[in-house]
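Dear colleague,

Please find the structure below, handed over for your records. My notes on it follow directly after.

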Amino acid sequence: MEAEANGTLHPSCGDSEPPYAPELLRSLDLPGKFLFAILTLMTLIANLVFIEEAVYIYRKIPSSKRSVIIWINAAAPVIATTSCIGMWIPRSTMFTDFTAAVFFAIVIHKFLLLMIKECGGQKLLLRRFENDHFKISTGPCCCCCLCLPRVRITRRTLFWLKLGTFQFAFLRPVLMFLSIVLWTNGNYSPYSLSPKGAAIWISCFVGVLTIIAVWPVGIMFQQVRTILISKKIVPKFALYQFILILNHLQAAIISIFAMRRIIPCAPPLSSSARGTYITQQLLIMEMFLITVISRMVYRRRYDDLEPPECTAEEAGDNKQAPKPILNGAVSEDGLPRVEKPPCSSSAGAGSSASGACVFSHHK
């Protein structure tokens, strides 16, 4: 700080652009090189753990859930990989951060689909909660608005929940493309928060879209967390929340500290570049831990949920059209099945009633 007051700043401290990779590597001392090696090794291990987990999921998990679970498990390794690339090549930070953000935008939508699939699909979910209502006073939008009415669970409300997450998965790549186009023209700089620049407005718009996308996931989780307790939905949701907070909120806080120069520059890294550098190193360690924990959470196999109870009409239809009883039929435990003919009205009906019943079924 005294150097800044005396005007003896290093030239790189006043430069908002990060250094080139060779310049950064030459400035590393022995502990810095050791840290780079450890973080790179952690990234490599995280990717190997994910590949092994993906092979297990492909072999053991039903095809209806396979792709969704692989997408969700890939979130942490992808963020660790992009952070590692940005750590080694500082000037690629904008592209690596955008890639990680776009991938996680798709993961948000996939996690909503996972909760629906774990309930047996959309049709079974609607049958199971046909008389229930969604509680929409949840975070991050309306956690304080307890007066909001509950919304009935219908096909239309499920469509709006899916649309809420899908809009972010669609618009985030569009905004990324727009940012890169503006960056090539000199109108976009991720290290500038000037109202005249495009970065501040695009960042605010992305923040609003993120809140809108996270809200439906919270609504669905509040509804299904009780029946999906055997599916370990609570730790799965916790891991998803950790990735969301660390990849967005943590990075935003460190970026604000760097913009305010609370994080001092360390040549050849300026304050902004050093803030990004610290964020990348933290994300590599955090995503490595989340990858290992995700393997333990998602690797377990669970029984499917019991289907929702039949309605009164379905039960009446089953009584009117019972299955035929053949001689020598056995039950699942290997014992002979002893049942009365379902269409016999009294004990005195005798064999004629039984014969009439069998004839009616074979007819």
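Predicted model: local features only at pLDDT ≥ 70, side-chain atom pairs only at ≥ 80, totals over all residues.

Residues are numbered from 1 along each chain as its sequence is written, and side-chain values use heavy atoms, with hydrogens and water left out.

Aromatic contacts

A pair of aromatic rings is described by the distance of the centres and the angle of the planes. Here, rings of Phe, Tyr and Trp (its six-membered ring) pair if their centres lie within 6.5 Å; planes under 30 degrees apart count as stacked, over 60 as edge-to-face and the rest as tilted. The structure holds 12 aromatic pairs. One of them joins Trp71 and Phe103, which are stacked at 5.0 Å centre to centre with 25° between the planes. Trp71 lies in helix H4 (residues 63–73) and Phe103 in helix H6 (residues 93–118), so this pair ties together parts that are 32 residues apart in sequence. Helices (H or I, at least four residues) and strands (E, at least two) are DSSP runs, numbered from the N terminus. Trp71 is partly exposed, with a relative accessible area of 28%, and Phe103 is buried, at 18%. For these words, buried means under 20% relative accessible area, exposed over 50%, and partly exposed in between (1.4 Å probe, protein chains only).

Phe104 and Tyr240 form another stacked pair, with 6.2 Å from centre to centre and 20° between the planes. Phe104 belongs to helix H6 and Tyr240 to helix H10 (residues 233–259), so the pair ties together parts that are 136 residues apart in sequence. Phe104 is buried, with a relative accessible area of 1%, and Tyr240 is buried too, with 4%. Both residues belong to a cluster in which ring pairs link Phe104, Phe111, Phe221, Phe237 and Tyr240.

Two arginines are placed over tyrosine rings. A charge sits over a ring if NZ of Lys or CZ of Arg is within 6 Å of the ring centre and within 35 degrees of the ring normal. The charged end of Arg66 is over the ring of Tyr58, 4.7 Å from its centre. Arg299 lies over the face of Tyr56, at 4.1 Å from the ring centre.

Cysteines

The structure holds zero disulfides, a disulfide being a pair of cysteine sulfur atoms within 2.5 Å. Cys84 is buried, with a relative accessible area of 9%, whereas Cys204 is partly exposed, with 45%.

Cavities

On a 1 Å grid over the protein atoms alone, a cavity is a set of points where a 1.4 Å probe fits but cannot get out, and lining residues have an atom within 4 Å of a point. Grid points are joined across faces, edges and corners, and a volume is the space filled by probe spheres set on the points. There are three cavities of 30 Å³ or more.

The largest cavity holds about 100 Å³ of space. Its lining has 14 residues, of which Ile72, Leu239, Tyr240, Ile243 and Ser294 lie nearest the centre. The elements that give two or more residues to this lining are H4, helix H5 (75–88), H6, H10 and helix H11 (271–298). By class, the lining of the largest cavity has 10 nonpolar, three polar and one charged residues. Ala, Val, Leu, Ile, Met, Phe, Trp, Tyr, Cys and Pro count as nonpolar, Asp, Glu, Lys and Arg as charged, and the others, Gly among them, as polar.

The second largest cavity holds about 50 Å³ of space. Residues that line it include Pro18, Gly86, Tyr191, Leu269 and Tyr277. H11 gives the largest share of this lining, four residues. The classes in the lining of the second largest cavity are six nonpolar, four polar and no charged residues.

Backbone geometry

Most residues other than glycine have a negative phi, and most peptide bonds are trans. The peptide bond from Pro267 to Pro268 is cis, with omega near 10°, and Pro268 lies in the loop between H10 and H11. Arg261, in that loop between H10 and H11, has a positive phi of about 60° although it is not a glycine. Lys232 has a positive phi of about 55° and is not a glycine either; Lys232 is found in the loop between helix H9 (198–224) and H10.

With kind regards

Methods:
1 Å grid on protein atoms, 1.4 Å probe; cavity = no way out; pocket = protein on both sides within 12 Å on 5 of 7 lines; lining within 4 Å.
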